[in-house]
Amino acid sequence: MTEAKRGALQRRPGGKLLADALVAQGVTHAFCVPGESYLDLLDGLYVQRNRIQLVTCRFEAGAVHMAEAYGKLTGRPGVAIVTRGPGACHAAIGVHVAFQDSTPLVLIVGQIPFEETDRESFQEVDYRKMFAPLAKWVTQIDDVARIPELMAHAFDVARSGRPGPVVVAISEEMQREEAALPDIGPARVLPPHPAPEAVPTMMEMLGRAKKPLAVLGGSGWSAAGRAAIRDFLLANNLPVAVSFRRQSLFDGTSPNYVGDLGVGADATLVAKARECDLFLALGTRMGEPVSQGYTLLDMAGATPIVQVYQDQAEIGRVYRPALGIVSDLNAFADAARAAPPVGNPPWTGWTRELRAAREAQAVAPEMRGPVDLARALQALEKTLPPDTIFTTDAGNFATWPTRFMHVGEGQEFLGPTNGAMGYAVPAAIGAAVVHPDRCVIGFVGDGGMLMTGQEIATAFHHSVAPIIMVFNNQMYGTIRMHQEKTFPGRVSGTALTNPDFARFIESFGGHGELVERTDDLVPAFERARASGKPALIEVRTDPEQITNRSTITQLREQARRAAEGAAGTASDAPQPAQAGRAPEPRRTGPRLR
Ligand SMILES: Cc1ncc(C[n+]2csc(CCOP(=O)(O)OP(=O)(O)O)c2C)c(N)n1
Ligand SMILES: [Mg+2]
C-alpha cells in the first residue's frame, strides 16, 4: 500500500481493529464472558453493536458451546471471547468439542501485557502450549500492525480443509496502540473439486458391489450439498447410515435410512456393516465411534472403502481405503448426483433388510416405570415443527431420542461427538440465538443439567426461548451402567441429589413442568411452547431402567453369569478379593455416550 493510501486511513486502536476484523469476516454474533484483559476489544464491539450481537454468557464453557453451535448451524466460524487464565481454562472443553466435531470456531483470549511475559504474572498462560493438542492453530497477536492479517488467517484456518477451532490470544497493550490499516475480509476461494476420474471410479466400484453401505458424517455440508448427496443416495437406492451424532445429514424417516453407526449403535446394523462389500465413507472420519472402537472393518482393506474427505491427512488414517477422494463435500455431492446411477442394483433386498432392522430397532419395547420414554418421545415427535433443532448432551438418556426418534429433513441435531457433558443447554441457547423463530429442544440428563444449566440465564437475558428437557434418573447413569457391568452392586460416586428443576427455571421467570407419566409429556411440551418463555421440562425416569435395553437387575445378572462363566472355564479363577466381580468385558466398541 502506498503512503498516500495509508495516510487516507484513520488510525484505530487495536481493540477497534479487532472488532472491525470480526465485522470484515461477516461475524454476526460473538459469545463472551468479559474480562479486564480485553476491555479495549469490548469497547470496539460497543462501537460495532449494531453489526455484531454480543451475547453475554455466565460461564466460558457455555460461551464456547454456544459459538460452536453457531458454527455447526451456519458453517461459518462461531466466535467466543474469554479472558486469560481461568477464562481460557473454562473455555477449553468447547475447543475440544469443536476439534472433534470439526466445527469452525475462533476463540479469542485476552492476554496479559506483553512486557510481563514469562514472569508467571497474574493469570499468565502460554496459549500456544495450552491449546496445542486441542486447536487447529494457536496464535498470539502482540503487534497492532498484525491484527488484520492474523485475524484473517485465523478465520481462513478455522473454515478451511477439515474445519476446526483456532485460538487467538490478544495481548493487552496491543489492543490500546493505534495503527492506520485496512481491514481484511475473507478471500474468495473456490473449493477443491473431485478429480475427474474420482466419481466414475467410485461408480465402477459401486457397479461391482452387492452389499454396499453409505455412511454420512463430518462437517462442512451445506443445505444444497445435503440435498445433492440425498439425491445421489436415493437414485442408487443405497442404505444410508449416519456417523455418531450426525443425524442432521439424512432424513431419518426415509426408507433408505438405516440408523446411526455411532456409540451404542444397533447390534444388527453393526453386524450388517461388517458384512458389507463396499463401505462409502462420505465426509466421515474413520474414527472410533463409526468404526465401533476400530473393530468394524479390517484395517488393511479387506472390505473396500471409498473415503471422501476435505483433507487428505484423514484419508487412510487407521483404515486403508481402496479409493480416497479429496474434495469439498458439497462439490463431491454435486458430481455424484450428476453421475448416472447403477441400473437395477442387486442390493435392493439388502437395503430393504437394513431398513427393516432400523424400523424394528425403533419399535418401543416395554419399559419399566410410569414414564415410558420411548413412547413419550415418539408421541412428541409427531407434534414437532418440521424445522425443529435438537441439541443433546452426553449421557444414557441420549440413547432414547437417538434410537426412538427420527430427525427429519429440515430439522437439525447438534451433539458433541467427544461426549462432553454440559453441551446441550448452551448449544440450545446458541441455536436459539441463531434461529430465534425455530423450535429448539435441548435434551440433557440431571448430571449434565447442573454442569451448565445456569446458562439458561443467558436465554432470558437475550430473549430467546429454548425448551430444555431434563431426564432425571438421579444419577450419572452412564457411569453407573459401566459400574454395574464391571463392579455389579458396588455403587461408587454415581448417585446424585437434585434440586426441583421446574422451580429452578420458574425462579428466572420461565416455564417449568414436571412429567411423571408417559402421557403427560406432550401436553407439558405444548404448554411450554405456548408460554413463549424459556422452558424446562423435567422428565422423571425410573433409575432401574438404566439403558433403553436393560435394567440394573438385568445388568447385574449378566455380570454374574459372565463371572460364573469365567470362573468355570478359566484356569485362573477369580482371586478371593475379586469374588463377585465380573471380568472386564472384551472391548468391542466405544464406551462413552
Ligand atoms: C464433562 C464430562 N464429565 C464427565 C463425563 C463422563 N460421563 C459420561 S456420561 C456421564 C453421566 C451422565 O449423567 P447424566 O447427565 O445424568 O445422564 P444419564 O447417563 O444419567 O442419562 C458422565 C459422568 C463426560 N462425558 N463429560
Ligand atoms: Mg442422570
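Residues are numbered from 1 along each chain as its sequence is written, and chains are lettered from A and ligands numbered from 1 in the order in which they are written. In this predicted model, local features need pLDDT of at least 70, side-chain atom pairs count only at pLDDT 80 or more, and totals for chains, interfaces and linings use all residues, while side-chain values use heavy atoms, with hydrogens and water left out.

The protein chain contains 22 helices and 20 strands. These are DSSP runs numbered from the N terminus (helices: H or I, at least four residues; strands: E, at least two). The chain's radius of gyration, taken over C-alpha atoms, is 25 Å. The globule rule (2.2 Å times the number of residues to the power 0.38) also gives 25 Å for 593 residues, so the chain is as compact as a globular protein of that length. The C-alpha trace spans about 85 × 60 × 55 Å along its principal axes. Of the 593 residues, 57% count as buried. Buried means under 20% relative accessible area, exposed over 50%, and partly exposed in between (1.4 Å probe, protein chains only).

Glu-68 is part of helix H4 (residues 60-74). Glu-68 counts as buried because its relative accessibility is 0%. Its C-alpha atom is separated by 32 Å from that of Arg-355, 287 residues apart along the chain.

The magnesium ion (ligand 2) is coordinated by Asp-446 (OD), Asn-473 (OD1) and Met-475 (O), at 2.1 to 2.2 Å. Donors are N, O and S atoms within 2.8 Å of the metal (3.2 Å for Na, K and Ca); water is not among the atoms, so sites may look incomplete. The donor residues follow the sequence spacing D-x26-N-x1-M. Asn-473 and Met-475 are both buried.

Ligand 1 is surrounded by 18 residues, each with a heavy atom within 4 Å. The closest are Gly-419, Asp-446, Gly-447, Gly-477 and Thr-478. Asp-446 also coordinates the magnesium ion. Helices H17 (446-452) and H19 (477-486) each supply at least two shell residues. H17 gives the most, with 4 residues.

Backbone N or O atoms also approach ligand 1. Such an atom of Gly-447 lies 2.8 Å from a ligand oxygen. For Phe-397, the distance to an oxygen atom of ligand 1 is 2.9 Å. For Met-421, a nitrogen atom of ligand 1 lies 3.3 Å away. The protein covers 81% of the 590 Å² of accessible area that ligand 1 has on its own, by the Shrake-Rupley method with a 1.4 Å probe.

Terms used. Polar contact = N/O pair within 3.5 Å; in protein donor to acceptor, adjacent residues only side chain to side chain.
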